[in-house]
Amino acid sequence: MECDYILHHECGLGLEYGRPPTQKLFKQCDFQFHLQNPLPGTRICDICALDIRGFLYQCSHGDYDLHPHCASLPLTFTLPGSNEAIKLREKIESRCLKCQRKQRASGRVQGLSYVSSDGMLCYHVACLKEACLDNWTMGYFQLDALASEERKILALQNLAPNQEVRIRAAQSANAMRGIRLLITFLKLVVSAILGEPFTLVTTLFQISQS
């Protein structure tokens with residue numbers, strides 16, 4: 001049957017099973033899937049700290065709300081070629097690569113962040129979602145942008161404004177390793193937020209490391 005609806009994979013699963021994927025960060029919650037907010041007022045996602053305007057998972061106590069896609073984000077993954085683990089955390093000591101703040105809050109909700117095990121790389125989920133939208137709006141994730149190395153650098157710089165993202169021949173080996181680690185970190189968290197397949201995003205990061 002033909003229709004005009006386009007759903008995240010996770011939203012489709014919510015409709016079918018009525019339960020979110022495993023969310024170990026909210027152990028005391030019994031989440032229920034809703035087509036719309038059953039409570040009065042605006043609800044804010046406890047993972048990304050952004051408004052929920054459609055489908056949602058809500059704790060039976062009414063304390064926590066999650067976007068279906070946010071509820072399915074990986075809790076941990078490993079940086080390739082290293083022992084560095086990236087974890088989704090509530091309390092952080094590092095500053096976000098995008099906004100340079102330790103916490104990203106909206107009302108009662110602080111939101112969660114992806115942080116490397118050494119604490120050097122940190123990204124609020126909310127900031128990453130907004131930065132990806134900005135890059136998409138500016139055309140950095142479009143096919144015609146892949147031909148321009150400068151536009152790829154601009155896309156990466158928008159994701160981490162205060163970090164060096166360009167590899168130059170005169171840089172030390174440690175500096176180049178740090179940039180490659182940063183780009184790999186950004187690639188992984190962007191892929192986690194946006195989901196697959198996003199081959200243009202993957203190509204963007206791969207080419208920028210060459």
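**Burial, helix packing and backbone features of the model**

Ala49 is buried, its relative accessible area being 4%. This residue is placed in the loop that runs between strand 2 and strand 3 (51-52). The phi angle of Ala49 is near 60°, a positive value in a residue that is not glycine. Most residues other than glycine have a negative phi. These values, like those that follow, were computed from a predicted model.

A positive phi of about 65° also occurs at Gln100, again not a glycine. Gln100 belongs to the loop between strand 7 (85-89) and strand 8 (113-116). With a relative accessibility of 29%, Gln100 counts as partly exposed, whereas Ala49 is buried.

The protein as a whole contains six helices and nine strands. Of its 210 residues, 44% are buried. When contacts between residues at least 6 apart in sequence are considered, 56% of them join residues at least 24 apart.

One salt bridge was counted in the model. It is formed by the side chains of Asp65 and Arg43, with an N to O distance of 2.8 Å. The two residues come from distant parts of the chain, 22 residues apart: Asp65 is in strand 5 (residues 65-66) and Arg43 is in strand 2 (residues 43-44). Asp65 has a relative accessibility of 0% and therefore counts as buried. Arg43 has a relative accessibility of 13%; since the cut-off for a buried residue is under 20%, Arg43 counts as buried too.

The packing of helices was examined next. Two packed helices are described by the angle between their axes and the distance between the axes. Helix 3 (residues 125-137) packs against helix 4 (residues 149-159) at an angle of about 155°, and the two axes are 9 Å apart. Because angles over 145 degrees count as roughly antiparallel, helix 3 and helix 4 are described as roughly antiparallel to each other. The crossing of helix 3 with helix 4 is right-handed. On the side of helix 3, the contact is made by Leu128, Ala131, Cys132, Asp134 and Asn135, and on the side of helix 4 by Ala155, Asn158 and Leu159. Sorted by class, the residues of this contact are five nonpolar, two polar and one charged.

Helix 3 also packs against helix 5 (residues 173-194), here at an angle of about 85° and with the axes 10 Å apart. Angles from 65 to 115 degrees count as roughly perpendicular, so this description applies to helix 3 and helix 5. In helix 3 the residues that take part are Val125, Leu128, Lys129 and Cys132, which meet Val189, Val190, Ile193 and Leu194 in helix 5. This contact comprises seven nonpolar residues, no polar residues and one charged residue.

Glu130 is located in helix 3. Its relative accessibility of 33% places Glu130 in the partly exposed class. Glu130 and Leu50 are 80 residues apart in sequence, and their C-alpha atoms are 9.9 Å apart in space.

Leu182 is part of helix 5. This residue is buried, with a relative accessible area of 4%. If residues up to four places away in sequence are left out, Leu182 touches Leu97, Leu121, Gln163, Glu164 and Val165.

Phe55 is placed in the loop between strand 3 and strand 4 (56-59). The relative accessible area of Phe55 is 25%, and the residue is partly exposed. Phe55 and His34 are 21 residues apart along the chain, and 5.8 Å separates their C-alpha atoms.

Methods
Residues numbered from 1 in each chain as written. Predicted model: local features only at pLDDT ≥ 70, side-chain atom pairs only at ≥ 80, totals over all residues. Heavy atoms only, no water. Salt bridge = Lys/Arg side-chain N within 4 Å of Asp/Glu carboxyl O. Helix = DSSP H or I, 4+ residues; strand = E, 2+ residues; numbered from the N terminus. Buried < 20%, exposed > 50% of the residue type's maximum accessible area, 1.4 Å probe, protein only. Axes fitted to C-alpha atoms, helices over the stretch in contact; angles between N-to-C directions. Parallel < 35°, antiparallel > 145°, perpendicular 65-115°, else oblique. Left-handed = near helix turned anticlockwise from the far one by under 90°. Contact = heavy atoms within 4.5 Å. Nonpolar A, V, L, I, M, F, W, Y, C, P; charged D, E, K, R; others polar.
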